[in-house]
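Work through the exercises below with the sequence and the coordinates at hand. Each task is followed by a stepwise solution.

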Amino acid sequence: MRFDAFHSDHPWVLDALEGLAAEWVASGRGRIGVKALFEQLRWDGLAEAGERPFRLDNSFTSHYARILRELHPEWADLIEVRRLRSVR
């Protein structure tokens, strides 16, 4: 439930992760962990969050990894998936 609420409130996060993953895949650099993409979002700044307080919860990375693999089955071998730790 926590993930679903977060995902609903911040749909741009998936869009941003998808864009970063697409860039990574296009570069031909091989496998990528969504945690690395989270860190890049943090590093680049969270302008899309606007004025609302915002925090990327590391326990959501495996949910986003599964969504990205579902949206892009061709990336399945490139996106690492780990055990789910948070409750949807």
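**Exercise 1.** List the buried residues of helix α4 and state what covers them.

Solution. Step 1: helix α4 spans residues 61-71, where helices are DSSP runs of H or I with at least four residues, numbered from the N terminus. Step 2: the buried residues in α4 are T61, S62, H63, Y64, A65, I67 and L68; buried means under 20% relative accessible area with a 1.4 Å probe, protein chains only. Step 3: the cover over these residues includes α1 (2-9), α2 (11-27) and α3 (34-44).

The model is predicted: local features need pLDDT of at least 70, side-chain atom pairs count only at pLDDT 80 or more, and totals for chains, interfaces and linings use all residues. Residues are numbered from 1 along each chain as its sequence is written, and side-chain values use heavy atoms, with hydrogens and water left out.

**Exercise 2.** Find the aromatic pairs and classify the one formed by F3 and F60.

Solution. Step 1: the whole structure holds four aromatic pairs (Phe, Tyr or six-membered Trp rings with centres within 6.5 Å; planes under 30 degrees apart are stacked, over 60 edge-to-face, the rest tilted). Step 2: the F3 and F60 ring centres are 5.4 Å apart with planes at 70°, so this pair is edge-to-face. Step 3: F3 belongs to helix α1 and F60 to the loop between α3 and α4, so the pair ties together parts 57 residues apart in sequence. Step 4: F3 is buried at 0% relative accessibility, and F60 is buried at 4%.

**Exercise 3.** Which residues do ring pairs link into a cluster?

Solution. The cluster consists of F3, F6, F38, F60 and Y64.

Key:
Buried means under 20% relative accessible area, exposed over 50%, partly exposed in between (1.4 Å probe, protein chains only). Helices (H or I, at least four residues) and strands (E, at least two) are DSSP runs, numbered from the N terminus. Contact means heavy atoms within 4.5 Å.
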